[in-house]
Amino acid sequence: MNLIEKSSEQGRLGAYITPGRDNAVKDTRDPGGEADRTAKSRRLAYTLIVAAALVRLAMAAAVPLVPDEAYYWEWSRRLAWGYFDHPPAIALLIRAGTAVFGNTPLGVRVGSILAGFAATAAGITLADRLAGGGAAWRAALMVVAMPLAGIGLLLATPDVPLLCASAVALWAVDHSIAPILISPAALAPESPGAREVGQEAAGRRRGGAVAWWIVAGAAIGIGIDAKFSAVLVAVGVALACAAHPTLRRQWTTPGPYLAVVAAGLVAFPVLAWNASHDWISVQFQLRHGLGATGGSTMMRELNLIGAQAALVSPILFALQLWAVVRALARGSSPRAFLLAMVAATIFVFFAWSARSRVSPNWLAPAVLPSAVLLAITPAGRAILRWERAGVALGALMTMGIYLQVLHPVLPLRAARDPSSQAFGWDELAHAVETQPTTWVAGDRYQDAAELAWHLRGHPTVFSLNIGGRRNQYDFWPTLRDRIRLGDSLTLVLDEREPPPPDIDALSPHFAEVTKGELVDMHRGSAVVARRRLWHLSRLTSPL
């Protein structure tokens, strides 16, 4: 019998169990002591995640937007039920944030930071339900220390609402499966009247379990509204309910089926939009994530493992893998088994089926259940020492990243430093503003979005995408749709010889083409990138 099941059994035999926390056993002979320590640990856990969220808010206000965030901000200016790359959840969060704080970095990011806080709170609350305040404190330390949370929960990306919805879904699923661990006989002594009371209480618990399944399904639907990979969380839950003998009883109740209905209803507008647009988002994600590429499969898998170790911290990554494998072993608690199955499903799917290079953030929904598992797993002194070392290493890595973002300390070339990609766009925008022009365009969505963000008045900027991959700019009114005879265009391109294909394609339609200024984009005194301005004057024929 493992720790969780043993605690539940103790609750039936003499102690009492806090409702909804079937293993947080309180010894009535010791009203202080352990109960006080548990309460203190719980308070510390919530205090820590609040402090971490405040730090992220401060960082959000201080650091310029990275190109992908500017791209999602462009989405928020044109709300829809879907976009070429992803569903609309991140656009809705950005729109809400900028409605309150304006078009500022904090306005763009505040919704994601609050969603990240909700995800962390759901995770440590789940750890508390499973193993008490001490587990909540361990989970809070791990999550806050991880670079994945320190940076990932700061930036405005679709992964944050996905992580939030996934965490809430797992929290709700735990509420729904907990009642199956206590039989009616365990709720009352053996007497006719008491048995009826126990059966009535069990019926109420089963009714509550169905309601929690509906909450979980709605959360999965919201996850799908953020990224389609939320489906993997539902698949992991279904596999756990099929594989674990105790959890199989769930299929005899209406709960899982109502959860599917709830998820479908919440995700219906997004799915309907995709159906009416030839499933462009789904097709893009399948090609982007599962499309075959060259290179060694072994190297891709090693890169995936290395990236996860860097984002979680190498020690915590190894410990979390150990906790997942341990929980999947025969005889484990059904609640721990379910968390492990969800984490394993997500990791195995991307590790096995992705034939292209996997972005490390794609596995983010697996990290939170893995951290909760590690936090609730009984551990000896050696494991706890390694866990503390992993938390310390992760915290140092996160603080180092923050310092590098605020004031570079590592000897990296600015052009190769990921933390520098947010800088220099204001200089480029200023150079564009000095030129008399009707329209502005770039050849990549990143350039177009950053220019739209930094130019005065946030005008429409086009992305031509000549020779590049399609993106959302192809589905909004394009330069060809808006430009009129006699209009001029300022085109922002990489510096290259011979001139880029954009110039060859556009020059026959303009009276004059001028190679303009080469703009250095700086972070401090270091050059991050260079862009060449091209001036195309007086459109003479339709594009």
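This is a predicted model: local features need pLDDT of at least 70, side-chain atom pairs count only at pLDDT 80 or more; totals for chains, interfaces and linings use all residues.
Trainee: What makes up the secondary structure of the protein chain?
Mentor: The chain has 21 helices and 7 strands. Buried residues make up 50% of its 543 residues.

Trainee: Which residues of helix 17 are buried?
Mentor: They are Glu-387, Gly-390, Val-391, Gly-394, Thr-398, Tyr-402, Gln-404 and Val-405. An α-helix has 3.6 residues a turn, so residues three or four places apart point the same way.

Trainee: What do the buried residues of helix 17 pack against?
Mentor: Their partners include helix 2 (34-62), helix 6 (133-145) and helix 16 (364-376). Strand 6 (510-523) is also among them.

Trainee: Why is Leu-403 called partly exposed?
Mentor: Its relative accessibility is 44%. Buried means under 20% and exposed means over 50%, so a value in between counts as partly exposed. Leu-403 is found in helix 17.

Trainee: What makes the nonpolar surface patch that includes Leu-403?
Mentor: Leu-403, Val-409, Leu-410 and Leu-412 make it. The patch comes to about 360 Å². A patch residue needs over 30% relative accessible area, and Leu-403 has 44%, so Leu-403 passes that cut-off.

Trainee: Why is Phe-268 called exposed?
Mentor: Its relative accessible area is 53%. Exposed means over 50%, so Phe-268 qualifies. Phe-268 lies in helix 11 (residues 255-276). Its C-alpha atom is separated by 9.7 Å from that of Trp-81, 187 residues apart along the chain.

Trainee: Why is the pair of Arg-77 and Glu-74 called a salt bridge?
Mentor: The closest N and O atoms are 2.6 Å apart. The cut-off is 4 Å, so the pair counts. Side chains of opposite charge can pair when their charged atoms come close.

Trainee: Are Arg-77 and Glu-74 buried or partly exposed?
Mentor: Arg-77 is partly exposed, at 31%. Glu-74 has 0% relative accessibility, so Glu-74 counts as buried.

Trainee: How many salt bridges does the structure hold?
Mentor: It holds 18. One of them joins Arg-469 to Asp-85, with the closest N and O atoms 3.1 Å apart. Arg-469 lies in the loop between strand 4 (461-463) and helix 20 (479-482), and Asp-85 in the loop between helix 3 (67-76) and helix 4 (89-101), so the pair ties together parts that are 384 residues apart in sequence.

Trainee: Why is Asp-85 called buried?
Mentor: Its relative accessible area is 3%. That falls under 20%, so Asp-85 is buried. Arg-469 has 37%, so Arg-469 is partly exposed.

Trainee: How do you know that Arg-531 forms a salt bridge with Asp-447?
Mentor: The closest N and O atoms are 2.8 Å apart. That is within 4 Å, so the pair meets the cut-off. The pair links distant parts of the chain: Arg-531 is in strand 7 and Asp-447 is in helix 19 (residues 445-454), 84 residues apart. Salt bridges with shared partners join Arg-444, Asp-447, Asp-494 and Arg-531 into one network.

Trainee: Why are Arg-531 and Asp-447 called buried?
Mentor: Arg-531 has a relative accessible area of 9%, and Asp-447 has 2%.

Trainee: What makes the phi of Ser-313 worth a mention?
Mentor: Most residues other than glycine have a negative phi. Phi of Ser-313 is near 100°, a positive value in a residue other than glycine. Ser-313 sits in the loop between helix 13 (297-312) and helix 14 (314-328). Ser-313 is buried, at 0%.

Trainee: Which phi value does Arg-538 have?
Mentor: Arg-538 has a positive phi of about 55°, and is not a glycine. Its place is in strand 7 (residues 526-539). At 46% relative accessibility, Arg-538 counts as partly exposed.

Trainee: Is the peptide bond from Glu-497 to Pro-498 cis or trans?
Mentor: The bond is cis, with omega near -5°. Most peptide bonds are trans. Pro-498 lies in the loop between strand 5 (489-494) and helix 21 (501-506).

Conventions
Residues are numbered from 1 along each chain as its sequence is written. Side-chain values use heavy atoms; hydrogens and water are left out. Helices (H or I, at least four residues) and strands (E, at least two) are DSSP runs, numbered from the N terminus. Buried means under 20% relative accessible area, exposed over 50%, partly exposed in between (1.4 Å probe, protein chains only). Contact means heavy atoms within 4.5 Å. Patches are made of residues with over 30% relative accessible area and no salt bridge: like charges are joined within 9 Å, nonpolar side chains (Val, Leu, Ile, Met, Phe, Trp, Tyr) within 5 Å. Accessible areas come from the Shrake-Rupley method with a 1.4 Å probe; for residues, only the protein chains shown count as cover. A salt bridge is a side-chain nitrogen of Lys or Arg within 4 Å of a carboxyl oxygen of Asp or Glu.
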